[in-house]
Amino acid sequence: MLQDDAVRSAGIYLDYLLAHRNEGAGIVRARVRSVQGNLLGEEVVLSCDRELRMVDELALRVGSVLYENSEEAVFFRILSCEKKKATVLPCDEVREALSEALSENVPVYLESDLTFLVQRIKKWYEKYGNLVALPRGSGVRPAGLSADNPIALSDNQYEAASLAMSSPLSYIWGAPGTGKTKHVLASCVWSLLRAGKKVILCAPTNNALEQSLSGLLSALCMDGHYSPGGKVIRLGVPGDGFRMAWGEVCEEGAVDWWKRELGEKIGWLEYQNRLADESIMIRAGEGLDGAVDPFPGRSSAELAVYKKENKAEIGLLEGKLKQLSEMRNIMPLIGEFDVVAATVDTCLHRLSPDGSFPARHVFLDEAGYCSVIKAMALTGYGLPLTMLGDHMQLPPVFENEQEVVRLPDAGVTRLWKISGLYLEDVVSCDEVSEFCSAVPVRPRLEETAVASLTETFRFGPALAEVLARRVYGRRFHSGSAGETRILYIDAPKAAADKARNELGKFPRVSHAEGKCIRELIEANLYHSWLSVGIICPYVNQRNMLSESIHRLMKKHGMTEDMDDDIVTVHGSQGREWDVVIFSVTDSFAEAFLTDSRRPESLKLLNTAVSRARRTLILVGDVSDWNRRPGQLLSELFSIASPAGYDLGMDM
């Protein structure tokens, strides 16, 4: 039974994480290096030594004391997180503990623990796993696409949006820049809102969620068509940038919005009761001479009933206002919103499938990067489900995969690694463990309605042509008026970096590329208008570059570094930069993750390339790759131009 298999999958994974807790399995610990803000005041910014992860589940460790938020106690509120910084609102106890720790040099950490998330998935399947089923039949009623949709759609996008709105289960495929979010998703949500329906929007990560929600909000709010305050809520901890741009839809902002709204409603009802009293006094001859009766059409008895109803409503509103003020818990008002947006983990934890939020449609963006054990849980709401994504991007990361899958009966744990696009396969299969051991190259998608977006407005014609040939098929093409800048820096690999180590393995580093990238960054340190990401296929190269760039920043006296923008390809998923520098690392003889003949490597390279909004810079051994026809990297090098070291000039 699928429910039992999912529970067993989560249980095996959870047991492994707990058994290896002392070895750091599943735990990410970031030491707080500085505290900005007055500890006697309100918000405090904690700056850490590494990027914060799983930010919705952060705990605070002060010395030997661990402060973990729960339903019973909230020790600190996380207002926003961005890279290595968390803006928090501590309670008095934590504020005092932080003050003492700083004065006595006691270590302070922000911690996240994967076991919490796995445990929640296990509990969800134990309680609701019997609800998991493919959306189908009369119980799942899709709505139609609104005729007065204000969002411009191409014919291709219109067909995709119409299919999503008329199908119980659908998948909208599209490469970056094809309009999945700002056009197709936004049109679907607009149609549902126009029909008075509510929507759940999910994504696998915070980055992916905020990119999707930002695009959706921008489209909905254009030309003043929609005001999201009190109507859209983003559950969980936002990034600083999202909070700054869309603060009113974040939880803390939504609490403040509803406090104002409830206060105004209470004030209006109290004013109505004062008018009713005035009307009664006028009729009794106790009012001012010449006063006009505010309610000339109602009897005194009717006004007494009206006042009683208003007082009852005031009591209810005051109760909600008190709860918002004291607990700052928005969930009792969740049914008032039109759109609830959350990561899949947060959605499953906080929106139970009991109808407390009466949605009409669920959308899962970046579905390919969501593990199927989470994606198929979204069918438990019994609503039409639309997945959006790109099956030619990377699958989800399964931490500790190699160790876990070797455990007895651990085949089902691959549900954490298999893409959410295989939802139909898993829900329909006879034996989950057998399916997990032999996942087909492509998902089944027989009962899933599929629409393909084939025109990209991000990639220029030259890049789109290469991707059509190597990745997406001949129908894929560019609708962009300009070209994507593709540049290269030739960094012939030194013999020492090509030699196998004592274990017979390649080191997977290129110091020549590291030197070139360092020089490129140094020449552009003050081009703050550009966002720059450095992507590497291997952890060793990423670590070497991180250390090198850190030293560079320190040399120039810069307090910020680029560590969070130097990532592996897996770490880049769900993120974008104006300029992407791709450190190829391999010469062809060593090619593994860079060998596009391997399906997973092709997806990895495609993911790296598609993170660039405007400019892609390849850094590698150009002559070596140019001697290797039939490779994606070879084709990209062949159409690239030599890069100067001033990105401002090159842009």
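Leaving aside neighbours within four places in sequence, Ile121 is in contact (heavy atoms within 4.5 Å) with Asp345, Leu348, Ile373, Lys374 and Trp416. The model is predicted, so local features need pLDDT of at least 70 and side-chain atom pairs count only at pLDDT 80 or more, while totals for chains, interfaces and linings use all residues. Residues are numbered from 1 along each chain as its sequence is written, and side-chain values use heavy atoms, with hydrogens and water left out.

**Ile121**

- Ile121 lies in helix 3 (residues 114-128); helices are DSSP runs of H or I with at least four residues, numbered from the N terminus.
- Ile121 counts as buried because its relative accessibility is 3%, buried meaning under 20% relative accessible area with a 1.4 Å probe and protein chains only.
- Ala6 is 115 residues from Ile121 in sequence, and the C-alpha to C-alpha separation is 8.7 Å.

- Beyond its neighbours within four places in sequence, Leu423 contacts Leu134, Leu169, Val372, Ala375, Met376, Thr379, Leu385 and Met387.

**Helix 5 and helix 6**

- Helix 5 (residues 180-194) packs on helix 6 (residues 206-221) at about 65 degrees, with the axes 9 Å apart; axes are lines fitted to C-alpha atoms over the stretch in contact, and angles run from 0 to 180 degrees between N-to-C directions.
- Their crossing is right-handed, that is, the near helix is turned clockwise from the far one by less than a right angle, whereas anticlockwise is left-handed.
- Helix 5 contributes Thr181, Lys182, Leu185, Ala186, Val189, Trp190 and Leu193 to the contact, and helix 6 contributes Ser212, Gly215, Leu216, Ala219 and Leu220.
- By class, this contact has eight nonpolar, three polar and one charged residue; Ala, Val, Leu, Ile, Met, Phe, Trp, Tyr, Cys and Pro count as nonpolar, Asp, Glu, Lys and Arg as charged, and the others, Gly among them, as polar.

**Helix 8 and helix 9**

- The axes of helix 8 (residues 251-283) and helix 9 (residues 300-327) come within 9 Å and cross at roughly 160 degrees.
- Helix 8 is therefore roughly antiparallel to helix 9, a term for angles over 145 degrees.
- Helix 8 and helix 9 cross in a left-handed sense, and their contact has 14 nonpolar, six polar and ten charged residues.

Definitions and conventions
Helices (H or I, at least four residues) and strands (E, at least two) are DSSP runs, numbered from the N terminus. Angles under 35 degrees count as roughly parallel, over 145 as roughly antiparallel, 65 to 115 as roughly perpendicular and the rest as oblique. Buried means under 20% relative accessible area, exposed over 50%, partly exposed in between (1.4 Å probe, protein chains only).
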